[in-house]
Amino acid sequence: MAIQDALLAFPWAVALIFLPLAGALSCFLFPRIIRTLGLITSFSIVVSVVGLGWQLLEQGSYRHTIGGWSPPLGIELYADGLSLLMLATTALVGFAISIYSTAYFKPTLAVKFWPIWMCLLAALNALFLSADIFNLYVTLELLGLSAVALTALTGSKEAFSGAMRYLLATLLASLAYLLGVALLYHNFGSVDISLLAAQIQASPAVWAALGLMAAGLALKTALFPLHFWLPPAHSSAPAPVSALLSALVIKASFYIFLRLWFTLFEPVVDSETISTLLGLLGCAAILWGSIQALRQTRLKLLIAYSTVAQVGYLFLVFPLSASMGSVAWNAVAYLIISHALAKSAMFLSAGNMISFGGHDRIADLDRVVQRLPLTAAAFALAGVSIMGIPPSGGFIGKWLLLEAAVTQGQWYLVAVMIIGGLLAAAYIFKVIGYTFSPAKVMHEAQSVSATMQWPALLLAIGAILLGLLYVPVLSMLSISDVVIASGVGL
Amino acid sequence: MNPANFYALIGIGLFSVGLLGLIINSHLLKKILAINIMGSGVFLVLVALAKRAENLPADPVPHAMVITGIVVAVSATALALSLMLRVASETGHATLPDEVEK
């Protein structure tokens with residue numbers, strides 16, 4: 001029992017931030033064993049998340065005051081069901097991508113990839129554990145800078161331009177967010193989210209802070225029409241990096257959006273106008289992203305535009321949360337995880353197809369189904385979740401959203417979601433169709449190792465299995481100590 | 001108007017000028033400078049608003065935030081400048097390609 005108590009008291013949340021930082025440093029120091037170090041760190045993150053999850057199940061939401069300094073002066077780490085869900089998604093997707101990357105990167109690129117990826121992992125974990133809006137700014141910047149560095153990794157012309165555009169967008173977004181933080185701090189004298197939530201009142205300064213923070217975070221999440229940076233950046237990065245960016249990085253800024261909206265802004269501002277606006281932008285993102293995806297001739301650009309469309313679904317939670325709080329809330333959590341799993345599987349399988357054929361022209365995929373069956377299966381299964389066909393995580397998320405929309409009589413949302421699903425089916429079947437047909441020109445094909453095929457397939461299977469794990473996932477989500485007006489645990 | 005609010009308004013002004021510069025200039029160096037001007041604007045707002053009343057000492061917390069912000073801004077600028085040089089050496093000009101969506 002002594003061991004059990006010691007494990008239960010262990011600060012797993014601190015380990016989640018410390019381990020990847022230590023991993024990043026040791027990757028710099030020992031480039032010879034860089035893959036082993038990276039894999040060990042990724043695996044230790046999975047273990048720490050399990051430890052933190054156990055802690056949360058036993059003791060409820062978790063707080064850790066760093067160095068014993070309590071807020072408002074000190075920095076506090078905070079974990080509840082939503083953070084745990086995001087951390088678990090990050091750990092699992094990150095581990096799969098780490099395994100894939102051991103085979104994908106040649107030694108010259110590996111020495112650059114692993115340290116930055118470990119920094120990115122530290123930034124993501126710190127972000128999901130932060131409880132104050134200034135610390136969130138710092139983690140957002142850490143995340144943005146490491147994501148940009150990873151985007152530029154291949155060193156091609158497209159990669160540099162894409163990374164530059166991404167960097168300018170992400171810096172602009174961070175500054176807008178920081179100005180919002182300045183206004184909130186000036187008015188309420190605190191940056192701790194729970195202290196702020198206790199004393200926030202509607203005032204012009206709060207409106208301005210809401211506008212600045214929402215615009216900044218929407219730009220980072222690539223909400224239509226602020227998505228201009230996403231397709232070039234996500235399509236020109238190496239495959240494992242594209243997977244990280246689409247699956248995890250944009251979810252991080254959305255997570256902050258979600259948390260700030262439901263704890264700080266929704267209770268005090270007249271939120272109906274803004275939430276309707278966010279919903280309309282989400283609808284536009286679904287339609288525009290899906291149509292653009294359908295028009296693409298390159299595989300990675302198609303997947304990147306599909307991300308733009310799927311981000312739109314996430315923003316539908318805001319107009320639907322008014323009276324159907326918990327349903328919309330569960331829906332958005334489901335959409336976040338299933339999109340993370342499915343989209344990383346898609347980008348990894350796209351990476352396999354590119355390594356295999358040396359190009360990503362959709363029309364020349366040349367019988368991938370027969371020659372890379374595992375990869376083709378991964379792409380198809382991930383597609384099932386993206387389209388929202390049962391039984392898959394994507395289906396549950398979209399079904400819950402539809403249910404909320406029908407109950408509230410928001411018919412335009414229902415229509416957009418159904419059209420979005422059909423368009424998703426169209427662009428995914430377009431790819432799958434070409435994987436069956438032989439190309440007009442024969443290509444030199446390279447072999448693809450099993451280390452690169454299995455992670456993609458396992459992630460895709462995870463996205464499907466998520467459709468069957470409804471109860472445990474939602475019970476994990478409900479760990480919380482704050483219950484806000486609309487009955488949503490947060 | 002007390003001096004604190006005056007400086008805060010100047011800060012907002014710098015932020016807006018920087019934003020305009022970021023949008024209308026196509027040269028990457030000018031864009032990076034514009035981002036830095038926006039950052040200075042935000043820092044000025046933070047520093048100025050720390051003085052809550054004439055007879056009280058200034059609040060040190062925003063000052064600490066500005067120091068953190070400056071560290072972030074330095075590293076971001078370094079990354080941006082080195083990326084700009086790579087873009088310029090790969091493409092021959094330090095601007096972003098106008099139309100990449102195809």
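Author: Helix 13 of chain A and helix 19 of chain A cross in a left-handed manner. A crossing is left-handed if the near helix is turned anticlockwise from the far one by less than a right angle, and right-handed if clockwise. This is a predicted model: local features need pLDDT of at least 70, side-chain atom pairs count only at pLDDT 80 or more, and totals for chains, interfaces and linings use all residues. Residues are numbered from 1 along each chain as its sequence is written, while chains are lettered from A and ligands numbered from 1 in the order in which they are written.

Reader: What makes helix 13 of chain A roughly antiparallel to helix 19 of chain A?

Author: Helix 13 (residues 299-315) of chain A and helix 19 (residues 411-436) of chain A pack at about 165 degrees, their axes 11 Å apart. Angles under 35 degrees count as roughly parallel, over 145 as roughly antiparallel, 65 to 115 as roughly perpendicular and the rest as oblique. The angle of about 165 degrees is over 145, and therefore the pair is roughly antiparallel. Axes are lines fitted to C-alpha atoms, for helices over the stretch in contact, and angles run from 0 to 180 degrees between N-to-C directions. The helices themselves are DSSP runs (H or I, at least four residues), numbered from the N terminus.

Reader: Which residues in helix 13 of chain A meet which in helix 19 of chain A?

Author: Leu299(A), Leu302(A), Ser306(A) and Ala309(A) of helix 13 meet Gly420(A), Ala424(A), Tyr427(A) and Val431(A) of helix 19. Two residues are in contact if their C-beta atoms, placed from the backbone, lie within 7 Å. By class, this contact has six nonpolar, two polar and no charged residues. Ala, Val, Leu, Ile, Met, Phe, Trp, Tyr, Cys and Pro count as nonpolar, Asp, Glu, Lys and Arg as charged, and the others, Gly among them, as polar.

Reader: Why are helix 3 of chain A and helix 5 of chain A called roughly parallel?

Author: The axes of helix 3 (residues 34-59) of chain A and helix 5 (residues 107-129) of chain A cross at roughly 15 degrees and come within 10 Å. That angle falls under 35 degrees, so the two helices are roughly parallel to each other. Their crossing is left-handed. The contact of helix 3 with helix 5 has seven nonpolar, two polar and one charged residues.

Reader: How are helix 4 of chain A and helix 5 of chain A arranged?

Author: Helix 4 and helix 5 of chain A pack at about 170 degrees, with axes 9 Å apart. This makes helix 4 roughly antiparallel to helix 5.

Reader: How do you know whether Ser83(A) is buried or exposed?

Author: Ser83(A), found in helix 4 (residues 81-104) of chain A, has 26 other C-beta atoms within 10 Å. A residue is buried if 20 or more other C-beta atoms lie within 10 Å of its own, exposed if 12 or fewer, and partly exposed in between; Ser83(A) is therefore buried. Ser83(A) touches Phe128(A) and Leu129(A), not counting residues up to four places away in sequence. The C-alpha atoms of Ser83(A) and Phe128(A) are separated by 5.3 Å, although the two are 45 residues apart along the chain.
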